[in-house]
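Colleague: Could you walk me through this structure? I am new to it and would like to start with the overall picture.

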Amino acid sequence: MSQGFQIKPADANKNSHAQTKKKDVPEMRDIQRSLLKHFGELKDPRIERTKKHQLTDILVIAILAIIAGAQGWEDMENYGISKKTWLEEFLELPNGIPSDDTFRRVFQFIEPEVLNRCFFGWVETLVNSMGGEVIPIDGKTIRGSYDRNRGQSALHVISAWASEQRLVLGQMKVEDKSNEITAIPALLELLDITGSIITIDAMGTQTEIAQKIIEKKADYVLALKANHPTLYSQVKKWFEESAIQDFKSVDFSYDKKINSAHHRIEERQVFAVPITAIGELYQPRIWAGLKSVVMVIRVRHLWNKTTREVHFYLTSLEHDAQLLSQAIRKHWSIENQAHWTLDCTFGEDACRIRSGHSPRNIALLRRMALNGLNREQTCQRSLRQKMKRAAMNNDYMFLVLSSCFADHILGSSEPLCQP
């Protein structure tokens with residue numbers, strides 16, 4: 001355990017509130033112990049003479065501040081100053097609240113690979129069985145991390161998302177002068193995906209990635225586009241010819257859904273066929289576990305126009321159009337519920353944290369905050385409103401932390417936020 005990552009002794013309390021609040025202090029200490037258990041591997045990057053603040057204090061305040069909506073170093077300091085009386089109940093704070101420069105220096109030099117391992121270990125304690133869960137994997141560029149003066153490109157990470165449990169399972173940096181093709185297998189290696197369905201866009205439609213998913217005892221649904229020109233053209237031609245004949249004498253599965261939302265009507269038709277029905281398929285054996293090919297036709301009726309899109313997929317699942325339709329539909333949850341939320345609610349793209357390892361470390365803390373807010377279910381409101389409630393109400397902040405770092409919640413079943 002690194003020096004400075006400590007828990008304040010029970011007799012060191014400097015302040016206390018009403019009797020009804022005293023029971024919160026040991027419970028918060030339980031959360032601290034959980035943090036220490038999962039993140040105790042972190043080493044303090046500072047030299048001894050500069051350690052005016054405990055590493056655990058800095059980490060806890062940063063996590064709390066981001067849950068409350070902090071987007072930068074000054075926000076973290078301001079949160080600490082605003083909540084100083086409460087924080088003194090369970091943090092050491094030997095020299096008061098760390099300054100914004102202290103937060104910047106610490107997260108600039110914390111080793112991101114170690115923090116990432118701690119994150120994976122923590123997430124494992126949150127997830128339930130992954131059997132049958134659809135896990136989309138997709139990349140995201142953190143645009144604010146771009147620095148023209150230093151010649152630093154924007155940080156690009158790939159994330160795995162549990163669509164039902166609404167949890168970020170892990171993230172992996174895409175190295176400079178590389179792409180998602182090399183990062184996805186590394187991410188899969190760290191995840192327990194047994195029995196789940198992995199969905200990936202066309203960039204990840206690679207034979208090595210399909211092989212890795214099958215080796216991990218999972219199934220895949222991979223988008224097929226023109227980056228595999230021969231296979232794509234063959235599948236496209238086969239479906240076009242079969243559609244003209246209404247798929248006569250073809251063993252296929254069909255599903256149709258019509259949805260209305262956001263001032264548009266969307267009609268989705270899904271056709272799934274086993275690869276044996278297509279006949280001469282281009283190099284089918286190089287795709288481990290390949291069983292079916294899928295065509296999805298999306299027709300969207302907007303107020304001023306109608307659009308039609310056709311997409312194709314390779315999958316290791318049987319040709320069950322209803323199941324495949326659900327899996328393909330759920331792939332977009334990583335965009336709508338994770339990436340969009342990180343940008344619009346957490347302000348990730350607008351964040352100008354750029355120095356050292358800071359962009360990657362803070363990106364990981366945002367995903368911790370997202371997981372914690374999603375896990376807390378007593379407040380049936382938007383994520384933004386839950387963040388504001390956490391910023392204003394210490395009891396609700398404690399409830400968010402309890403949902404992912406403790407097995408009990410304030411010793412009460414009463415919700416702190418009414419629907």
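**Overall picture**

Modeller: In this protein, residues 24 or more positions apart account for 66% of the contacts with a separation of 6 or more, where contact means heavy atoms within 4.5 Å. This is a predicted model, in which local features need pLDDT of at least 70 and side-chain atom pairs count only at pLDDT 80 or more, while totals for chains, interfaces and linings use all residues. Residues are numbered from 1 along each chain as its sequence is written, and side-chain values use heavy atoms, with hydrogens and water left out.

Colleague: How many helices and strands are there in the protein?

Modeller: The protein has 16 helices and 9 strands. These are DSSP runs numbered from the N terminus, with helices (H or I) of at least four residues and strands (E) of at least two.

Colleague: And what percentage of the residues count as buried?

Modeller: Of the 419 residues, 53% count as buried. Buried means under 20% relative accessible area, exposed means over 50%, and partly exposed lies in between, with a 1.4 Å probe and protein chains only.

Colleague: Let us turn to helix packing. At what angle do α4 and α6 cross?

Modeller: The axes of α4 (residues 73-82) and α6 (residues 100-109) cross at roughly 125° and come within 8 Å. Axes are lines fitted to C-alpha atoms, for helices over the stretch in contact, and angles run from 0 to 180 degrees between N-to-C directions. The angle makes α4 oblique to α6, because angles under 35 degrees count as roughly parallel, over 145 as roughly antiparallel, 65 to 115 as roughly perpendicular and the rest as oblique.

Colleague: Which residues meet there?

Modeller: From α4, Trp73, Glu74, Met76 and Glu77 meet Asp100, Phe103, Arg104 and Phe107 of α6. The residues of this contact divide into 4 nonpolar, no polar and 4 charged. Here Ala, Val, Leu, Ile, Met, Phe, Trp, Tyr, Cys and Pro count as nonpolar, Asp, Glu, Lys and Arg as charged, and the others, Gly among them, as polar.

Colleague: How about α14 and α16: at what angle do their axes cross?

Modeller: Helix α14 (residues 358-375) and helix α16 (residues 394-405) have axes that cross at roughly 100° and come within 8 Å. That makes α14 roughly perpendicular to α16. Met368, Gly372, Leu373 and Arg375 in α14 meet Val400, Ser403, Cys404 and Phe405 in α16. By class, this contact has 5 nonpolar, 2 polar and 1 charged residues.

Colleague: A change of topic: what is phi of leucine 93?

Modeller: Phi of leucine 93 is near 45°, a positive value in a residue other than glycine. Most residues other than glycine have a negative phi. Leucine 93 lies in the loop between α5 (84-87) and α6, and it counts as buried at 5% relative accessibility.

Colleague: And arginine 166: where does it lie?

Modeller: Arginine 166 is in the loop between β2 (155-162) and β3 (167-173). Its phi is near 55°, a positive value. At 36% relative accessibility, arginine 166 counts as partly exposed.

Colleague: Finally, which residues does aspartate 343 touch?

Modeller: Not counting residues up to four places away in sequence, aspartate 343 touches Lys140, Glu348 and Asp349. Aspartate 343 belongs to helix α13 (residues 333-344). Between aspartate 343 and isoleucine 142 there are 8.8 Å in space, C-alpha to C-alpha, although they are 201 residues apart in sequence.
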